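Subject: Structure handover

Hello,

Please find the structure below, followed by some notes on what was found in it.

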There are 2 protein chains.
Amino acid sequence: MENTEEYALFGKMTAQPGQREALLSILLQAAQLVSTAKGCHQYLVYKDTQHQDCIWISEIWDSKADHDASLTIAGCKELIMQAMPLLAGKPERTELTLSGGKR
Amino acid sequence: MENTEEYALFGKMTAQPGQREALLSILLQAAQLVSTAKGCHQYLVYKDTQHQDCIWISEIWDSKADHDASLTIAGCKELIMQAMPLLAGKPERTELTLSGGKR
């Protein structure tokens, strides 16, 4: 159990029909890229069971500043550029603070 | 990096006005209760930054069966009963499989 106030983020992306696996592969590369970034505690990628084109991510960071800084990591912009044409619409995001629990 | 097919769940709850902290306290107790349950890898509780009545949870389990079994743990039903009257409407849930990433 913890009682922190870390910054967390849930993202939901919808791929163009048939492009979920390609998008997933890019997001897993992004996860690897930011895994050693300052303040990154978690970056997980999931497939939605009910919606075959949907992908979710969950991120936990020391701060929003650390998250924002990660977007400038070498290679990150390239992955975003690769992902963009695979998306059907704008990603949705929910900003959170982590209250606690098991991890 | 991992490439598993664990069962994951995101839940979103909206508390009655002014009841978020009370609901949060119950969910943190639930997290503690299930933290040692068979197959439980993660159970985190978050506050939504944009919506002052919203709470999110993220869970990762070996399987849906392990998750479902956890609902029968002693004390779990009592916590659900405590939480119910604090909710404004039905909780939303998204069922997922974990594809990988950093944790």
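A residue is called buried here when its relative accessible area is under 20%, exposed when that value is over 50%, and partly exposed in between. By that cut-off Gln42(B) is buried, because its relative accessible area is 2%. Please keep in mind that this is a predicted model.

Setting aside residues up to four places away in sequence, Gln42(B) touches Ser58(B), Glu59(B) and Ile60(B) in chain B, and Gln42(A), Leu44(A), Lys102(A) and Arg103(A) in chain A.

The interface

What do the two chains share? Chain A and chain B bury about 3,000 Å² between them, and 61% of this area is on carbon and sulfur atoms. On the chain A side 34 residues are in contact with chain B, and they meet 34 residues of chain B. There are 18 residue pairs in polar contact across the interface of chain A and chain B, with both residues at pLDDT 80 or more. Several elements of chain A each give at least two residues to the side that touches chain B: strand S1 (7–14), helix H1 (20–34), strand S2 (40–48), strand S3 (54–61) and strand S4 (92–102).

Two salt bridges cross the interface of chain A and chain B. In a salt bridge between Lys47(B) and Glu5(A), the closest N and O atoms are 3.8 Å apart.

Thr94(A) also has neighbours in both chains. This residue lies in strand S4 of chain A, and Thr94(A) is buried because its relative accessible area, 16%, is under 20%. Beyond its neighbours within four places in sequence, Thr94(A) is in contact with Ala8(A), Leu9(A) and Phe10(A), and with Asp48(B) and Trp56(B) from chain B.

Salt bridges

How many salt bridges does a search of the whole structure find over all chains? The count is 14. Side chains of opposite charge can pair when their charged atoms come close.

Within chain A, Glu21(A) forms a salt bridge with Lys47(A), and the closest N and O atoms are 3.5 Å apart. Glu21(A) is in helix H1 and Lys47(A) is in strand S2 of chain A, so this pair ties together parts that are 26 residues apart in sequence. Lys47(A) counts as buried, at 14% relative accessibility. Also in chain A, a network of salt bridges links Lys64(A), Asp68(A), Arg93(A) and Glu95(A).

In chain B, Glu6(B) and Arg103(B) form a salt bridge whose closest N and O atoms are 2.8 Å apart. Glu6(B) sits in the segment before strand S1 (7–14) and Arg103(B) in the segment after S4 of chain B, so the pair ties together parts that are 97 residues apart in sequence. Are these two partners buried or partly exposed? Glu6(B) counts as buried at 7% relative accessibility, while Arg103(B) counts as partly exposed at 38%. Another salt bridge in chain B joins Arg93(B) to Glu95(B), with the closest N and O atoms 3.8 Å apart. Glu95(B) is buried, with a relative accessible area of 16%.

Other buried residues

Ala30(A) lies in helix H1 of chain A and counts as buried, at 10% relative accessibility. Not counting residues up to four places away in sequence, Ala30(A) touches Tyr43(A) and Leu79(A). Ala30(A) and Leu79(A) are 49 residues apart along the chain, yet 6.8 Å separates their C-alpha atoms.

Ser99(B) is in strand S4 of chain B, which spans residues 92–102. This residue is buried, with a relative accessible area of 2%. From Ser99(B) to Ala8(B) the distance is 10.0 Å, C-alpha to C-alpha, and the two are 91 residues apart in sequence.

Leu71(A), Ile80(A) and Met84(A) make a nonpolar surface patch of about 280 Å². Leu71(A) is found in the loop of chain A between helix H2 (64–70) and helix H3 (76–83). With a relative accessible area of 42%, Leu71(A) is partly exposed, because this value falls between 20% and 50%.

Regards

How values were computed:
Residues numbered from 1 in each chain as written. Chains lettered and ligands numbered in written order. Predicted model: local features only at pLDDT ≥ 70, side-chain atom pairs only at ≥ 80, totals over all residues. Heavy atoms only, no water. Patch = residues over 30% accessible without salt bridge, like charges linked within 9 Å, V, L, I, M, F, W, Y side chains within 5 Å. Areas by Shrake-Rupley, 256 points an atom, 1.4 Å probe, with all protein chains shown as cover. Salt bridge = Lys/Arg side-chain N within 4 Å of Asp/Glu carboxyl O. Helix = DSSP H or I, 4+ residues; strand = E, 2+ residues; numbered from the N terminus. Buried < 20%, exposed > 50% of the residue type's maximum accessible area, 1.4 Å probe, protein only. Contact = heavy atoms within 4.5 Å. Buried area = accessible area lost by both parts, 1.4 Å probe. Polar contact = N/O pair within 3.5 Å; in protein donor to acceptor, adjacent residues only side chain to side chain.
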